[in-house]
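Open the model in your viewer and keep the selection tool at hand. The stops follow below.

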Amino acid sequence: MAPPPLSPLATSTPLLHGEFGSYPARGPRFALTLTPQALHIQRLRPKPEARPRGGLVLLAEVSGCCTLRSRSPSDSAAYLCIYTYPRGRRGGRRRATRTFGADGAATYEENRAEVQRWATVLTCLLRGLQLPGNGEITSHLLPRPPRLLLLVNPFGGRGLAWQLCKNHVLPMISEAGLSFNLIQTERQNHARELVQGLSLSEWDGIVTVSGDGLLYEVLNGLLDRPDWEEAMKTPVGILPCGSGNALAGAVNQHGGFEQALGIDLLLNCSLLLCRGGCRPLDLLSVTLASGSRCFSFLSVAWGFVSDVDIQSERFRALGSARFTLGTVLGLATLHTYRGRISYLPATVEPASPAPAHGLPRAKSELTLAPVPARTVAHSPLHRSVSDLPLSLPQPVLTSPDSPEPIPVLSLNGGGPELARDWGGAGDPPLSPDPLLPSPPGSPRSALLSPITEGGPEVPASPGLLPPTPDGDPVVLSTGGPPDHLLPPLGTPLPPGWVTLEGDFVLMLAISPSHLGADLVAVPHARFDDGLVHLCWVRGGISRAALLRLFLAMERGSHFSLGCPQLGYAAARAFRLEPLTPRGVLTVDGEQVEYGPVQAQVHPGLGTLLTGPPGRPGREP
């Protein structure tokens, strides 16, 4: 069980202070001061800097740390290496390492105890763990590392998702000391099948490395399990490597980062994942015209938004630029749709954010254990990371209590030189030194059950619709909570509902704040506000006015334009009845059958890995 969250402390409160050397040993000396928010670095020799550069390392930009030792027998110093991802002059993040040597004591063991004390306090701050009031710092402050299952869609992000994962995600979470197993999905609905057969008690979180579509499969697969109530307690996370990264954009905003795209968004979300922390996640139970249900974490769209989403599929090779091209084409052929929108208004204002609850984390082993695959007639169910070729330019390291070697991956240049076959010339390289021993009760090697195609306790599920016009079946769920606010489709609505009928250009029902990584549809929306946010644009709007709305949506300022055709309502449930015979409906960007649809919010049904909250609109 994780210790209670770190109590709020003043930014300037010093927790540790000391003098350190550098690597190589002939380098400058520094005075380090660690506060709850940053590491302050002051150069002491050869002379203090009048305007120190790099003198402040924000903890929000730190992924983790480790301790190292020199291979030189005469060097009694112990080294602390900190992995950071600061923003450059042009705004993008790049990996940097800062290495400091503790050499104030006569013996290596005493210096090692000092860097381990710093590493323990730094790790506690990064992971939101309570520091003891008596000042005693030991490794027992840290719980076991979390075990994360990473699901990667190699076809996401113009086919670059696996490369992005290998080059950016794996190095960072390795630096943070997270244990993980990685699986590449191979077909539509593969992730749904995987999570149905998981022994969820052996995992602390499931993280998708793709666009929004893969998380849609995971959530509906969890809700398809007979034990869905317990299964939905498993935290899920998303690292954006697809063309549609709406939820990642909302996570990025929740973490206090400035709006970002591409690799910068991926690095921001990876930093937040390394820090840990969860929030409840509202889900929409969506009932389609056939009576089937699926669960949405993002949106239900009809009209212009869904038209652009589906019609831009042919430009998927362009990545996120496909939506820009699709918008231009959609404006050129702008359509209006006759329909009826009914909703149950929210009776309370959006709730204030609840305190984030952390995921147990600690610096320990990195497990890259292959997951046995069952022999099946079709293509293999999965491949784990150890089955895949990894280009490892640096030596293989072994962490404490880990039965397998750790591949040290490099991003934008490595840290200090690590020990290989040092011949005695030049500065002696550093070798990894166990940061902290595993706390009592922590298994030396987590033996994880095989991921099967589906356990015998999981019955065959009929939760698939016939293929949509593009040939892919739609994931539906046969489990989940009942919809107590919704009467059956086709029956009258109860009192208290509001109905609008007319010509519409679009209707959007959205849960989080973002429609895309750079589209803030509902700036005040929260992951757990218990609301579905309805936005619609009535017919009669000009193409220029619609374009202005979407351009303003990049800043979340479209509601301040005073557009008379734009409408908004916060609701607990809604029903959409298209009266135009042809059109496109999407749920979380996936096309579903066209016809009447209704949905209601299930507050906090899921749990989302978000990292710690930041100050909105302020870059850490």
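Predicted model: local features only at pLDDT ≥ 70, side-chain atom pairs only at ≥ 80, totals over all residues.

Numbering runs from 1 along each chain as its sequence is written, and side-chain values use heavy atoms, without hydrogens or water.

Select residues 161-175. This is helix α3, with 15 residues. Helices here are DSSP runs (H or I, at least four residues), numbered from the N terminus. From first to last C-alpha, α3 reaches 20 Å, close to the expected 21 Å (1.5 Å times one less than its number of residues).

Centre on Val169. There α3 bends by about 35° (the angle between axes fitted to the seven residues ending there and the seven starting there). Pro171 follows within four residues. Of the 15 residues in α3, 13 are buried, so the helix is largely enclosed by the rest of the structure. Buried means under 20% relative accessible area, with a 1.4 Å probe and protein chains only. Step on to Gly177, after α3: its phi is positive, near 80°.

Next, select 304-311, helix α9. Here 7 of 8 residues are buried, including Phe304, Val308 and Ile310.

Now show the largest nonpolar core, 94 residues (buried Ala, Val, Leu, Ile, Met, Phe, Trp, Tyr and Cys joined through side-chain atoms within 4.5 Å). Among the members touching the most others are Ile173, Trp536 and Phe574. Apart from this core lies another, of 29 residues, among them Phe20 and Phe100.

Notes:
Helix = DSSP H or I, 4+ residues; strand = E, 2+ residues; numbered from the N terminus. Buried < 20%, exposed > 50% of the residue type's maximum accessible area, 1.4 Å probe, protein only.
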